[in-house]
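Take the sequence and the model together. Start with the overall fold, then follow the strands, the helices and a few side chains.

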Amino acid sequence: RGTSADTPPGSTLPGRAFAGAGAGGRGAEFAELRPYVSNVAVDVKARRQGIGSMLMRECEEEVRRWRPAQDKIWLEVSASNAAARRFYDALGYEVAGRSTGREIVKKQFGYGLTQVKRVVMRKKLD
C-alpha cells in the first residue's frame, strides 16, 4: 500500500506521504516528499549547446512554483559519471550523500541491470 505524489496544476504538495514498506520489508509510516529530478538526458550530438542547462533551469523554476514552497531540489547521478557530476557541480548542486541502486547499463552483448553506486546531490533554491 502506498500513496502517489502526483500533483495536478493548482494543487498543493503534502509534506509527507504514507510510504508502505520500508527498509528490510519493515513498515515505514511516512516518507518525506521532495522535488527529485530523474532521467534527464541529452543526445550526444546535441550536447554542449545549453540544452541540459535549460532543462535543469526549467525543473528548478517548476519547483519554485510548488505549494507549499520547496527550498531544495534533489537528484542522483551515477558515481562513475564524472561528466554529469561536473555538469551538476557547475549548476550549483552539492553532494548530499551516497546511495546504491540498479540501473540499466550497456554490456558486451546488449543491456542488463547492474548494481551501481550513486551520488545524491541537492541545490538550494532562492
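Helices (H or I, at least four residues) and strands (E, at least two) are DSSP runs, numbered from the N terminus. This is a predicted model: local features need pLDDT of at least 70, side-chain atom pairs count only at pLDDT 80 or more, and totals for chains, interfaces and linings use all residues. Residues are numbered from 1 along each chain as its sequence is written, and side-chain values use heavy atoms, with hydrogens and water left out.

The protein has 2 helices and 6 strands. Along the sequence they follow the pattern β-β-β-α-β-α-β-β. Contact means heavy atoms within 4.5 Å. Of the contacts with a separation of 6 or more, 49% are between residues 24 or more positions apart.

Now the sheet. Two strands pair if DSSP finds at least two bridges between them. Strands of a sheet pair through backbone hydrogen bonds, either parallel or antiparallel. Here, 4 strands form an open sheet in the order E3-E4-E6-E5, with mixed pairing. Strand E3 (36-37) and E5 stand at the edges with a single partner strand each, so one side of each has no neighbour in the sheet.

Walk across that order. E3 and strand E4 (residues 72-78) run parallel and are joined by 2 bridges. Tyr36 has Trp74 as its bridge partner in E4. E4 and E6 run antiparallel, with 7 bridges between them. Val77 stands opposite Val119 in E6. E5 and E6 are also antiparallel, over 13 bridges. Glu94 is partnered by Arg122 in E6. A hairpin of 2 residues links E5 to E6.

Where do the helices go? Helix H1 (residues 51-65) lies across E3, E4 and strand E6 (110-124), and runs at about 145 degrees to E4. Helix H2 (residues 82-90) lies across E4, E5 and E6, at about 165 degrees to E4. Both angles use axes that are lines fitted to C-alpha atoms, for helices over the stretch in contact, and run from 0 to 180 degrees between N-to-C directions.

Accessible areas come from the Shrake-Rupley method with a 1.4 Å probe; for residues, only the protein chains shown count as cover. The accessible surface of the protein is about 9300 Å², and 51% of this belongs to carbon and sulfur atoms. Buried means under 20% relative accessible area, exposed over 50%, and partly exposed in between (1.4 Å probe, protein chains only). Buried residues make up 23% of the 126 residues.

Is Gly101 buried or exposed? Gly101 is buried, because its relative accessible area is 10%. This residue lies in strand E5 (residues 94-107). Gly101 touches Thr114, Gln115, Val116 and Arg118, not counting residues up to four places away in sequence. Arg118 is 17 residues along the chain from Gly101, with 7.3 Å between their C-alpha atoms.

Finish with the rings. Rings of Phe, Tyr and Trp (its six-membered ring) pair if their centres lie within 6.5 Å; planes under 30 degrees apart count as stacked, over 60 as edge-to-face and the rest as tilted. The structure holds 2 aromatic pairs. Phe87 is partly exposed, at 28% relative accessible area, whereas Tyr88 is buried, at 10%. Tyr88 and Tyr93 also pair edge-to-face, at 5.8 Å centre to centre and 70 degrees between the planes. Phe87, Tyr88 and Tyr93 form one aromatic cluster.
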